[in-house]
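Grab your viewer and try each one before reading on.

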Amino acid sequence: IAALARFDHMSNTERRLLWIWYRLYPTDDYYSFAISKATYPDEIPTKLRDAIFELPKTTDANFAERANALKMLAVQYGREYFSKLDKVIPTGMRLSYLTYRTLEERAYAVKTVSSLLRTGADIHTISEQLRGDYPDLAEYLSPSDSSNDEVAHYFNWYRQSKILNRPPEDWPNQIDFDSVDSRNKILQQNGNALTFWVDGLGAEWLPLLVKKIKQLNIAATVDSNIGRAILPSETEYNRKWKDDDEKWDRLDKLSHSGMPDDKDYFLCVARQIEIIGEVVERVSELFNQHERVIVTGDHGSSRLAALMFHASDNFAINPPKNSIVRSFGRFCELNGSADVPITPSMEQTVLDGKEYIVMKTYEHFRQSGNAAGGNSEAKAVAGEVHGGMTPEEYLVPVIVVTRKISVQKPDRKS
């Protein structure tokens with residue numbers, strides 16, 4: 001294993017000597033089996049990755065030795081590799097073949113979990129299987145223990161449904177939004193602080209964010225809250241950041257459109273989880289200069305509303321006459337004083353003198369567009385929307401991280 005750690009920096013002669021050594025002195029371990037399959041020295045990394053598929057029977061030791069080797073090597077994981085992995089049965093066994101070092105492998109893990117959930121696998125069992133190798137996905141999936149909390153109950157359902165990636169057959173929203181403080185009220189209550197705004201950061205990410213922030217090596221208290229955004233749940237109505245606040249757009253852009261060069265939905269989810277890690281890293285950096293840092297979002301976003309946009313005309317409602325339909329039908333702006341029939345799936349709101357009707361469910365006002373166009377059972381295509389009043393669009397985390405020891409300011413005399 002020490003030789004493999006140097007493989008990427010070896011000369012051609014050194015690589016050839018390593019290849020010959022294993023041919024002359026074979027052992028019973030996975031390293032020897034894989035390297036013996038290489039027809040030339042530079043093929044060693046690929047064979048260490050793929051020889052596992054040629055074993056008549058795999059053991060835990062095989063997987064452990066393979067994982068140790070691949071951690072040392074710069075190996076690519078492309079479509080050819082994942083096509084081989086697709087043939088591994090049972091489906092859950094595929095997770096054992098992943099090193100989780102690359103975004104592509106983590107996306108494949110999300111895809112595999114989706115497949116397992118579709119066959120009725122237990123969410124707790126999946127989470128525990130992932131906890132050692134992909135703890136962030138495990139935490140995202142882990143149901144909250146707050147059995148009496150309707151907000152927690154809803155987001156347990158939503159996170160699982162999002163990974164399942166199917167139009168929902170039910171919608172268990174029992175949240176009383178009037179019992180939830182507004183985000184702006186919570187911000188005002190916490191006074192002087194640096195607020196870190198993450199565009200599109202909905203309350204679905206609260207448990208993972210809190211878990212990762214608490215794992216930082218900082219002496220701080222972490223106060224987690226959920227607050228209401230301003231309706232409609234679009235950035236233009238929620239611009240409450242100050243000039244000296246921090247604002248990131250990367251999560252929202254990704255959620256809408258996926259990766260720039262690949263619209264695969266599961267790759268998008270893996271990257272979303274990666275961005276949450278980047279948010280926490282930035283919190284740690286900001287904490288070096290500030291007594292208190294608050295992490296929040298302007299609004300959230302909904303995968304399920306995007307799926308339902310394409311699912312059925314039964315969920316498309318004709319908009320009021322002369323209204324302006326926005327955000328894939330998640331809301332409309334009224335134009336005129338005509339009476340508009342308001343159904344239980346709608347919320348009427350007034351903001352800055354303008355009237356809006358916002359969708360509370362996955363129904364939408366009829367509008368052309370491509371929210372997650374092309375998504376199917378066989379092909380998962382990225383896309384999320386917002387603007388409406390579902391909990392994942394409307395509720396955002398407000399995480400207050402406060403120093404236990406004040407920042408040491410430099411001595412002006414020095």
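**Exercise 1.** At what angle do helix α12 and helix α14 pack, and how far apart are their axes?

*Solution.* Keep in mind that this is a predicted model. Start by picking out α12 at residues 206-214 and α14 at residues 265-286. Their packing angle comes out at about 45°, with the axes 10 Å apart. Next, classify it: 65 to 115 degrees would be roughly perpendicular and under 35 degrees roughly parallel, so α12 and α14 are oblique to each other. As for handedness, the α12/α14 crossing is right-handed. Now list who touches whom: α12 brings Leu208, Leu209, Lys212 and Ile213, while α14 brings Ile273, Ile276, Gly277, Val279 and Val280. Sorting the residues of this contact gives 7 nonpolar, 1 polar and 1 charged.

**Exercise 2.** Work out how β8 and β9 are connected and paired.

*Solution.* First the pairing: β8 (346-351) and β9 (354-359) run antiparallel, joined by 6 bridges.

**Exercise 3.** In what order do the 5 strands of the open sheet line up?

*Solution.* Reading across, you get β2-β11-β4-β1-β3, with mixed pairing. The edges are β2 (220-228) and β3 (246-248), each pairing on one side only. Neighbouring strands are turned by 15° against each other on average, ignoring direction. Finally, zoom in on β1 (194-198) and β3: they pair in the parallel sense over 3 bridges, and Val198 has Trp248 of β3 as its bridge partner.

Conventions
Residues are numbered from 1 along each chain as its sequence is written. This is a predicted model: local features need pLDDT of at least 70, side-chain atom pairs count only at pLDDT 80 or more; totals for chains, interfaces and linings use all residues. Side-chain values use heavy atoms; hydrogens and water are left out. Axes are lines fitted to C-alpha atoms, for helices over the stretch in contact, and angles run from 0 to 180 degrees between N-to-C directions. Helices (H or I, at least four residues) and strands (E, at least two) are DSSP runs, numbered from the N terminus. Angles under 35 degrees count as roughly parallel, over 145 as roughly antiparallel, 65 to 115 as roughly perpendicular and the rest as oblique. A crossing is left-handed if the near helix is turned anticlockwise from the far one by less than a right angle, and right-handed if clockwise. Contact means heavy atoms within 4.5 Å. Ala, Val, Leu, Ile, Met, Phe, Trp, Tyr, Cys and Pro count as nonpolar, Asp, Glu, Lys and Arg as charged, and the others, Gly among them, as polar. Two strands pair if DSSP finds at least two bridges between them.
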